[in-house]
Amino acid sequence: MKRVLIFYELGLSSPTVGLVDQELHEALASTPYEEVGGYVESLPAEGRIVGEIASRILKGEKVQDIPIATAADAYTFDWRAMRRWGFKERNLPAGSIVLNRQSTFWEAYRQFVVAGVLLLLVQTAIIVALLWQWAKRRKTQEALRKSEEKFSIAFREGPLALTLTSVHDDRYIEVNETFENYTGWRRDEVIDRTPSDLNIWVDPGGRSRFVKRLLDDGNIRNLEVNYRTKGGEVRTGLGSAELIEVNGERCALSIIADITDSKRAEEKVRESQERLEGIVASAMDAIIAVNSDQHIVVFNAAAEAMFGCATQEALQSSIDRFIPQRFHFALEQHIRHVGQHGITNRAMCPLDALFGRRTNGEEFPIEASISQASTGEGLLFTVIIRDATLRNNAEAAVRESEQRFRLVANTAPVMIWMSGLDKLCNYCNRPWLEFTGRSLEAELGNGWADGVHPEDLRRSWNTYTTAFDRHESFEMEYRLRRHDGEYRWIIDFGVPRFNPDGSFAGYIGSCLDVTQHKLAAEALSSVSCRLIEAHEEERTWLARELHDDINQRLAFLTVTLDIVKRGLPADVAGASRSIGEVREQIIDLGKDIQALSHRLHSSKLDYLGLAAAANAFCKEFSERQGVQVDFHEEAVPKSLPKEISLCLFRVLQEGLQNAKKHSGSPHFQVSVIYNSDKIKLTVRDSGIGFNVEQAMMGHGLGIASMRERLKLVDGDLSIDSQAQKGTEIHATVPLILVNAPAVAGRA
């Protein structure tokens with residue numbers, strides 16, 4: 001059934017139709033926008049179908065085999081007419097063909113739009129890729145910057161010395177602070193200079209070998225080198241180096257650790273180890289070290305000699321072979337106890353309780369101690385053994401000697417005492433106990449001091465303790481109460497005691513009763529005192545007679561001669577001159593007599609005191625002898641006791657006279673110094689000096705008289721003299737008499 005085309009004639013309200021597509025095309029060409037379309041027959045398509053069927057028949061195909069063909073009809077419409085008449089394309093039958101449709105922007109320019117979009121996408125992808133690459137590069141640069149900062153910080157502040165040097169010319173490119181601390185060179189002093197410029201390498205050839213090895217191997221590890229600091233100190237470093245490239249230049253990055261202290265410590269440890277081995281080898285005591293299995297691992301030369309066994313034979317054997325069977329259990333217990341409780345030093349047995357055994361079976365007494373040390377292989381026990389045979393024999397000899405000493409001491413006619421390191425008395429012999437009438441227990445310690453007179457105790461104790469602290473001998477006198485209650489004068493001699501090894505052991509002293517001798521000496525001193533007093537009285541009387549009688553008579557004679565001279569006639573010139581000469585001689589004689597009177601007894605001493613009298617005497621002596629005497633005094637009172645003033649004045653006279661006579665010096669110094677408890681006179685010259693001991697033993701009376709005078713006032717005389725360096729005489733008098741009278745008496 002054929003369908004017709006629908007046409008809209010111009011001016012009509014209904015469409016027109018056609019049967020074939022050719023008619024539709026012609027209508028559209030002649031009256032566009034009027035013929036809408038319809039279900040039309042396509043002559044070309046049908047022609048093609050007929051042609052194909054004819055071709056198949058011509059080729060011999062049977063008609064009945066050829067399927068019936070369907071007409072090539074289709075819905076066809078004009079797009080322009082549809083728009084004119086208001087037809088919607090969506091309302092057309094399915095599969096409709098629309099002719100003369102105007103292409104949309106997308107249909108007209110689709111390829112261009114697609115190409116443009118593709119181009120934009122490609123450009124966007126390129127831009128994104130560039131941005132991503134830029135971001136990645138920036139991130140990489142930031143990471144590189146941070147890495148460089150970290151490297152720079154690590155380089156500058158690292159605990160090891162870091163250097164960057166050029167391999168080409170060996171100059172320093174960079175160094176860190178540790179390098180500056182190690183070498184003492186500042187960075188600005190090092191950069192662009194070479195190690196040879198700074199003289200850092202102790203072995204200059206070592207630097208060349210270092211560079212060659214680095215170029216060959218590319219790196220160096222743990223190379224020990226000696227370097228020199230800016231101050232010249234040679235130190236040791238342990239270095240590693242890596243060959244790197246910086247800005248196209250090959251460089252050596254070196255890391256150095258200063259191992260000087262560790263090397264020195266290792267050297268000290270090695271020396272200590274060698275000393276320890278030397279001590280062990282040369283020790284007088286046997287040293288045996290055993291492991292936890294009690295097998296010997298150390299056996300020194302002293303052990304070889306003590307046990308008669310070679311070291312090689314003893315090693316790895318049990319220590320039990322050198323200990324008698326009866327002590328095996330005790331030894332095992334000691335070793336176990338030390339190991340369990342960590343005791344580092346422990347005596348193995350009480351003295352005389354342990355024995356050793358030589359290889360020949362001989363047993364001998366020993367002293368032993370054991371200590372432990374932890375090693376990498378476990379506990380090591382060291383046993384130090386000493387042959388006690390000699391010590392036991394020595395102790396027996398000491399006991400025998402002690403018995404002989406006590407026997408001799410108890411039968412000696414003197415009192416003997418001994419003290420230990422604590423200054424306390426630990427022995428008194430029988431004569432001492434018989435003298436005091438007390439028991440030994442009562443006298444030990446400080447008990448002996450109970451019998452010393454209270455006035456002598458402090459002085460005696462000070463003398464004893466001072467000598468004890470200095471380990472010097474001493475001699476002192478004090479009063480000691482006898483068994484009947486009477487105090488007797490004792491002279492005590494003490495000397496320090498020393499052990500055979502030279503160590504200080506205490507003191508030993510002997511005492512004698514010198515009361516009778518003391519009384520005799522004081523009697524003699526009393527006689528000497530009376531003689532000196534009588535001598536002084538005689539000198540005073542002579543001085544008074546010379547001054548008050550003879551000197552006055554000479555003065556009267558001088559006046560008489562003046563009167564006679566004035567009464568002579570003028571023509572007696574010779575007699576007048578003679579009288580004048582006699583007058584002058586008499587005046588000189590009067591001066592000498594006056595000076596002699598002053599020397600015999602100084603009235604200034606009685607009225608003005610010691611200082612004024614001594615000063616006047618020095619001036620008079622200086623003028624009379626033609627020498628220089630410098631006098632100095634400090635706070636000397638006028639109210640000194642007469643006997644002290646007179647004693648020191650006489651010592652001054654005697655001292656200056658002797659110095660002028662024997663020293664040969666034109667210059668002398670005299671000083672009188674006073675303080676609260678003593679007064680001291682010093683006469684000093686710068687002459688030739690003399691031998692004091694020989695002078696004391698000579699027959700001269702000068703030193704003896706000075707000493708005797710000072711004894712009367714409990715004073716002391718000391719003389720210091722050296723050849724060609726002068727002499728000093730020191731006279732010291734206490735202002736409080738410390739010596740009690742010699743008479744003993746009862747408590």
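Select strand 24 and strand 25 to begin: they pair in the antiparallel sense over seven bridges. Strands (E, at least two residues) and helices (H or I, at least four) are DSSP runs numbered from the N terminus, and two strands pair if DSSP finds at least two bridges between them. This is a predicted model, where local features need pLDDT of at least 70 and side-chain atom pairs count only at pLDDT 80 or more, while totals for chains, interfaces and linings use all residues. Residues are numbered from 1 along each chain as its sequence is written, and side-chain values use heavy atoms, with hydrogens and water left out.

**Around strand 25**

Pick aspartate 720 now, and you'll find it opposite glutamate 728 in strand 25. Then go to the turn: three residues sit between the strands of this hairpin, and glutamine 724 takes a positive phi near 65 degrees. Next, show strand 23, which pairs with strand 25 in the antiparallel sense over eight bridges. Click aspartate 685 there; its bridge partner in strand 25 is threonine 727.

How many of the nine residues of strand 25 are buried? Seven are, so the strand is mostly covered, with buried meaning under 20% relative accessible area, exposed over 50% and partly exposed in between (1.4 Å probe, protein chains only).

**The largest core**

Stay here and bring up the largest nonpolar core, which has 36 residues. A nonpolar core is a set of buried Ala, Val, Leu, Ile, Met, Phe, Trp, Tyr and Cys residues joined through side-chain atoms within 4.5 Å. Select Leu610, Leu648, Leu652, Leu656, Ile679, Leu681 and Leu710, the members that touch the most others. The elements giving two or more residues to this core include helix 20 (610-625), helix 23 (702-712) and strand 22 (667-674). Which helix gives the most? Helix 21 does, with nine residues.

Zoom in on leucine 681. Leaving aside residues up to four places away in sequence, leucine 681 touches Leu648, Val651, Leu652, Val670, Ser671, Val672, Ile729, His730 and Ala731; contact means heavy atoms within 4.5 Å.

Jump to strand 13 (residues 354-357) and strand 14 (residues 363-375), which run antiparallel and are joined by four bridges. Glycine 356 stands opposite phenylalanine 364 in strand 14. Five residues separate the two strands of this hairpin, where glycine 361 takes a positive phi near 90 degrees. Carry on to strand 15 (residues 378-387): ten bridges pair it with strand 14, again antiparallel. Here threonine 375 stands opposite glycine 378.

Alanine 330 is in helix 12 (residues 328-341) and counts as partly exposed, at 25% relative accessibility.

**Helix 4, then zoom out**

Find leucine 118 in helix 4 (residues 105-157). Buried or partly exposed? Leucine 118 is partly exposed, with a relative accessible area of 48%.

Finally, show everything: the protein has 23 helices and 25 strands, and buried residues make up 35% of its 747 residues.
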